[in-house]
Amino acid sequence: MPSSDLEWSVGSWLRELGREEGTRGITDVIEHALLAPLAPGPTDSAVSSMEALSYMKELGELESEAGCARIRQLLEGGGVLNDLASILHRGTQALSTTITQNEADGVTFSKFTAEMDELSFGDMGDFLRGVEAVIGPPSVETGETMAKEHTQAIGADKVFKTSNYKILTCPKIEWHFVVDPESYAMSEELSSLAERIRCNNPDAAFSDSGWPKEQAIGGHISPRQARPLIHYVQLLQEHLNPRIESAGGAALGKEEVIGARLYTGPMMPPYPA
């Protein structure tokens, strides 16, 4: 059944599958199967654009029956059905988790299906009154809000890869790496998240304690270390805050330490996005 572009639909959901950086999507699975004669290995990166284009042209030049038979043979031989089933099941699991969490928060399923109202522009008065006049002031519970945004919000377990050190991780992991690395390193949740990353990314690297680690790092740079938050808070209180206050500035707190560590780590790329 056709649906409005502003409504949730299975078609739009399918198009989003695999867009998560570091994961295989439906088109990736089909591409790998079609290009198997050119690149029988685990990846298709060795196949150039011209080689792939020439090969697809040859498939298109086959007669209808022969062409369909050849493509069917490639898809069946490439295990496409099993791979697609796996991708679709992971996608439905993620969707189910999101819906369940929203229902627990009092958001009904209609959020995913209801049509959206047409957006409208404000006037100069709205601009001058600022954002707070529209959505209210920010929460004064800064630490609690930061924790929810990194561990409970939609996208908290969305995997991404940093462009410099090639770390495969997600916001939820990075939050706990900064805030409570000792206790979280022993948790089942970290093991589960790490296993999901490994399942979709066989080349993902992890430290002995289970944290995502650098895949590309220069010899003069040391790998990152999971240290207790109190270590950095003490440095702040004993060394940095006295200097800040002597210069007339306001002392920083634990939330600023958390934010600084997150931003100077793997979380820097996704924040602007």
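Student: Which residues in α9 meet residues in α14?

Tutor: Please note that the model is predicted. From α9, the residues Thr 142, Gly 143, Met 146 and His 150 take part, and they meet Glu 255, Ile 258, Gly 259 and Leu 262 in α14. By class, this contact of α9 with α14 has 3 nonpolar, 4 polar and 1 charged residues.

Student: How is the packing of two helices described in general?

Tutor: Two values are used: the angle between the axes and the distance between the axes. For α9 (residues 142–151) and α14, the angle is about 30° and the axes lie 10 Å apart. Angles under 35 degrees count as roughly parallel, and α9 and α14 are therefore roughly parallel to each other. Their crossing is left-handed.

Student: At roughly what angle do the axes of α9 and α10 cross?

Tutor: They cross at roughly 140° and come within 7 Å. The helices α9 and α10 are therefore oblique to each other. Gly 143, Met 146, Ala 147, His 150 and Thr 151 of α9 make this contact with Pro 171, Lys 172, Trp 175 and His 176 of α10.

Student: Which members of the largest nonpolar core touch the most other members?

Tutor: They are Ile 173, Ile 197, Trp 211, Ile 258 and Leu 262, in a core of 26 residues. At least two residues of this core come from each of α10 (171–179), α12 (188–200), α13 (229–246) and α14 (254–263). Another core, of 9 residues, lies apart from it and includes Val 29, Ala 33, Ile 87 and Leu 95.

Notes: Residues are numbered from 1 along each chain as its sequence is written. This is a predicted model: local features need pLDDT of at least 70, side-chain atom pairs count only at pLDDT 80 or more; totals for chains, interfaces and linings use all residues. Side-chain values use heavy atoms; hydrogens and water are left out. A nonpolar core is a set of buried Ala, Val, Leu, Ile, Met, Phe, Trp, Tyr and Cys residues joined through side-chain atoms within 4.5 Å. Buried means under 20% relative accessible area, exposed over 50%, partly exposed in between (1.4 Å probe, protein chains only). Helices (H or I, at least four residues) and strands (E, at least two) are DSSP runs, numbered from the N terminus. Axes are lines fitted to C-alpha atoms, for helices over the stretch in contact, and angles run from 0 to 180 degrees between N-to-C directions. Angles under 35 degrees count as roughly parallel, over 145 as roughly antiparallel, 65 to 115 as roughly perpendicular and the rest as oblique. A crossing is left-handed if the near helix is turned anticlockwise from the far one by less than a right angle, and right-handed if clockwise. Contact means heavy atoms within 4.5 Å. Ala, Val, Leu, Ile, Met, Phe, Trp, Tyr, Cys and Pro count as nonpolar, Asp, Glu, Lys and Arg as charged, and the others, Gly among them, as polar.
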